[in-house]
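Hi there,

My notes on the salt bridges, the pocket and the aromatic rings follow below it.

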Amino acid sequence: NHKIAIFGLSTAFFLYLLYLSIPSLYDSGRVQKVFNDNISRDFRLNISLSTDISYRILPQPHFLIKDAKLFYNKSNLSTEIAQIKELKLYISKKNFFDKENIEILQVEFNKSNFFLMKKDLVFFKKYLNEKLSKKKIIVKKSKFFLNDDNKNIILIYTIDKSILKFDLD
């Protein structure tokens with residue numbers, strides 16, 4: 001009986017790991033488009049994702065995207081405000097068989113540089129005052145550079161870890 005129980009548990013564990021590895025089979029081009037749409041819809045962020053996309057299971061299922069860029073629209077022009085070395089998109093484990101409806105649970109910006117002009121602070125103020133979703137945006141090991149109108153650096157602010165979450169209640 002012990003051998004059957006151990007075999008059953010190890011089989012269940014192996015099948016669970018196999019299920020968790022399904023997203024590694026997704027086409028990166030399609031995943032990139034789905035993520036662009038989801039981030040735009042859920043977080044109202046205009047982001048440009050690179051094709052360097054990898055899937056990781058631990059600590060929880062997520063996609064790691066290297067060298068992404070964050071933009072905001074000002075006067076019908078897209079202005080780059082951040083260079084993101086590592087973007088982690090943590091995904092829901094509910095249904096890995098439906099690759100078109102990947103649900104993003106949280107977004108994590110790692111090793112990012114945010115470049116802001118003094119006049120561009122309006123974007124962040126407006127963004128922080130909007131009620132979006134309950135999903136988290138985490139910023140880790142990043143720097144904010146504030147520049148004046150002549151592009152001289154006024155302030156450099158380092159963030160070890162910051163969590164942005166909207167409480168809709």
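**Salt bridges, pocket and rings**

Let me start with Asp37, which is partly exposed at a relative accessible area of 39%. Please keep in mind that this is a predicted model. The partner of Asp37 is Lys33, and the closest N and O atoms of this salt bridge are 3.0 Å apart. Lys33 is exposed, with a relative accessible area of 53%.

In the whole structure, the search turned up six salt bridges. Another of them joins the side chains of Glu86 and Lys111, at 3.7 Å from N to O. This pair links distant parts of the chain, as Glu86 belongs to strand β4 (residues 77-91) and Lys111 to strand β5 (residues 104-117), 25 residues apart. Glu86 has 19% relative accessibility and counts as buried, the cut-off being under 20%. Lys111, on the other hand, is partly exposed at 41%.

Is Glu108 buried or exposed? It counts as buried, at 3% relative accessibility, while Lys140 counts as partly exposed at 25%. There is also a network of salt bridges that links Arg41, Asp42 and Lys135.

On to the largest pocket, which holds about 400 Å³ of space. Its lining is made up of 21 residues, and those nearest the centre are Phe114, Phe124, Leu128, Val139 and Phe144. The elements that give two or more residues to this lining are β5, α3 (121-129), β6 and β7 (153-164). Which element gives the most? That is β7, with six residues. By residue type, the lining divides into 20 nonpolar, one polar and no charged.

Finally, the aromatic rings: seven aromatic pairs come out of the search of the whole structure. Tyr19 and Phe96 count as stacked, because their ring centres are 5.0 Å apart and their planes meet at 25°. Tyr19 is in helix α1 (residues 2-20) and Phe96 in the loop between β4 and β5, so the pair ties together parts 77 residues apart in sequence. Both are buried: Tyr19 has 18% relative accessibility, and Phe96 has 2%.

Phe35 and Phe63 give an edge-to-face pair, because their planes stand at 65°, with ring centres 5.1 Å apart. Here helix α2 comes back, since it holds Phe35, while Phe63 lies in strand β3 (residues 62-74), 28 residues away in sequence. Phe35 is buried at 0% relative accessibility, and Phe63 is buried at 3%. Ring pairs also link Tyr19, Phe96 and Phe97 into a cluster.

Happy to talk any of this through.

Best wishes

Terms used: Residues are numbered from 1 along each chain as its sequence is written. This is a predicted model: local features need pLDDT of at least 70, side-chain atom pairs count only at pLDDT 80 or more; totals for chains, interfaces and linings use all residues. Side-chain values use heavy atoms; hydrogens and water are left out. A salt bridge is a side-chain nitrogen of Lys or Arg within 4 Å of a carboxyl oxygen of Asp or Glu. Buried means under 20% relative accessible area, exposed over 50%, partly exposed in between (1.4 Å probe, protein chains only). Helices (H or I, at least four residues) and strands (E, at least two) are DSSP runs, numbered from the N terminus. On a 1 Å grid over the protein atoms alone, a cavity is a set of points where a 1.4 Å probe fits but cannot get out, and a pocket is an open set with protein on both sides within 12 Å along at least five of seven lines; lining residues have an atom within 4 Å of a point. Grid points are joined across faces, edges and corners, and a volume is the space filled by probe spheres set on the points. Ala, Val, Leu, Ile, Met, Phe, Trp, Tyr, Cys and Pro count as nonpolar, Asp, Glu, Lys and Arg as charged, and the others, Gly among them, as polar. Rings of Phe, Tyr and Trp (its six-membered ring) pair if their centres lie within 6.5 Å; planes under 30 degrees apart count as stacked, over 60 as edge-to-face and the rest as tilted.
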